[in-house]
Amino acid sequence: MKRIRWFWAVVSVALIVVGCGNDDDGGDTGSPAAPAPGDAELVIGSVMPETGALAFLGQPMIVSIDLAVQDIQAAGGNVRLLTGDTATDPDVAPETVNRLVGEGAHAIVGAAASGVSQSFIQTLYDAQIPQCSPSNTSPSFSTQENAAYYFRTVAPDQAVALILANIVAADGATNVAIPARADDWGNALAELMAQNFDELGVGYQVIFYDEDATSFDPTVAAIENMSPDAVVLVSFVEGVQIIRGLLEGGVPPSAMYGSDGIYDRGLAELVDPDNPNVIDGFVAIAAGGSDEYSIRLGALTDGDVIYGGQAYDCVIVLALAALAAGTTDGPSIVDQVHAVTSGGQKCVAYAECAGLMADGVDIDYDGVSGPLELDDVGDPGYGRYLIAEFIDGVLTVTASQDADLADLG
């Protein structure tokens, strides 16, 4: 048996209790009505991957953004949503962002990919427009100067790299191949994986590749030349071609692991549509949310929940920050992001938090993705991760693990 399995029941339960986790209008139930953020309407622009290499990640985030807007409106908040497609393409996304800003967006939620966010972060910095990403995990955003209007609700890759490296090491690997995209996200995550394997005493080799290559045969050949006992893919959808090549070369799926970029419930069908069990044993890890929210979201997305809680929290934090600021002015909103997510009285829904604010209470919003505790550079201090394995052709969540970033140094 490859590993001891911890069973986490929420996602599977979500498909059984479709009628339990979501009321008809998507709003919070049993919460007091909340005041609107002043008289001004907060316009939020969503730039998500409706198409492209990360389209499979888009649905839970897109649905969650809409749910958050519904919940705010149901509680009396004055917010409106504009939407656009990034196509997971740094050449397309800036045009979408420019359109949304031109249509009046005061804040942007997105993009899904770190490299795509990098393609327009300078534009938003220059325009002083807040940006929140639910799924950018590259450490670069924590230190770059033009991220002054940027924050995120997902922890940087330090957490996922440590958890994934520990899983691979616990499974007994001693010689690990790490094929990685040669972009901002791939470089950063591969480097962090290497650092963790160094500390664990596990041998490895990082093999960078051009994600736009016409053939990944050289990458597969480089992996096979290592004779690895484990392969950790730092890939998007192009990883499908690498997996096919590895399978043809005799590498079993039980020796393969994937990060969030390839956490796709349809991965087996992409690898071989005629063999649903083709990658049974493949393990992937991605950020998740609370059990309660996973049930609510999973009922609307056929069980897809990754990054959904983080997307929901982006919208709620922006709305609460605008309410605290009393304006839709970008710098004023950003100045309140840290304040509404740390240090005050705990609250867990927009209506509850806004009601407390109306009474003059300093709040600390704990989101559906966990206690955010955003720091002064806009990074959360906490992350929750889902660990899943393909079993009988289905990507099945077998564990969840929480990470306190303070413990990672």
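The model is predicted. A search of the whole structure turns up three cavities of 30 Å³ or more.

**Largest cavity**
- Lining residues include Leu54, Leu57, Trp185, Phe236 and Tyr307.
- Ala112, Ala113 and Ser114 also line the largest cavity, as do Ser135 and Thr137.
- Asp260 and Gly261 complete the lining of the largest cavity.
- By class, this lining splits into seven nonpolar, four polar and one charged.

**Second largest cavity**
- Thr153, Val154 and Ala155 are among the lining residues, together with Ala287, Gln310 and Ser369.
- Tyr382, Gly383, Arg384 and Tyr385 line the second largest cavity too.
- Strand β13 (residues 382-391) supplies the largest share of this lining, four residues.
- By class, the lining of the second largest cavity has five nonpolar, four polar and one charged.

**Threonine 96**
- Threonine 96 sits in helix α3 (residues 93-102).
- Is threonine 96 buried or exposed? Its relative accessibility is 9%, so threonine 96 counts as buried, the cut-off being under 20%.
- Which residues does threonine 96 contact, leaving aside its neighbours within four places in sequence? They are Val47, Gly84 and Asp85.

Methods. Residues are numbered from 1 along each chain as its sequence is written. This is a predicted model: local features need pLDDT of at least 70, side-chain atom pairs count only at pLDDT 80 or more; totals for chains, interfaces and linings use all residues. Side-chain values use heavy atoms; hydrogens and water are left out. On a 1 Å grid over the protein atoms alone, a cavity is a set of points where a 1.4 Å probe fits but cannot get out, and a pocket is an open set with protein on both sides within 12 Å along at least five of seven lines; lining residues have an atom within 4 Å of a point. Grid points are joined across faces, edges and corners, and a volume is the space filled by probe spheres set on the points. Ala, Val, Leu, Ile, Met, Phe, Trp, Tyr, Cys and Pro count as nonpolar, Asp, Glu, Lys and Arg as charged, and the others, Gly among them, as polar. Helices (H or I, at least four residues) and strands (E, at least two) are DSSP runs, numbered from the N terminus. Buried means under 20% relative accessible area, exposed over 50%, partly exposed in between (1.4 Å probe, protein chains only). Contact means heavy atoms within 4.5 Å.
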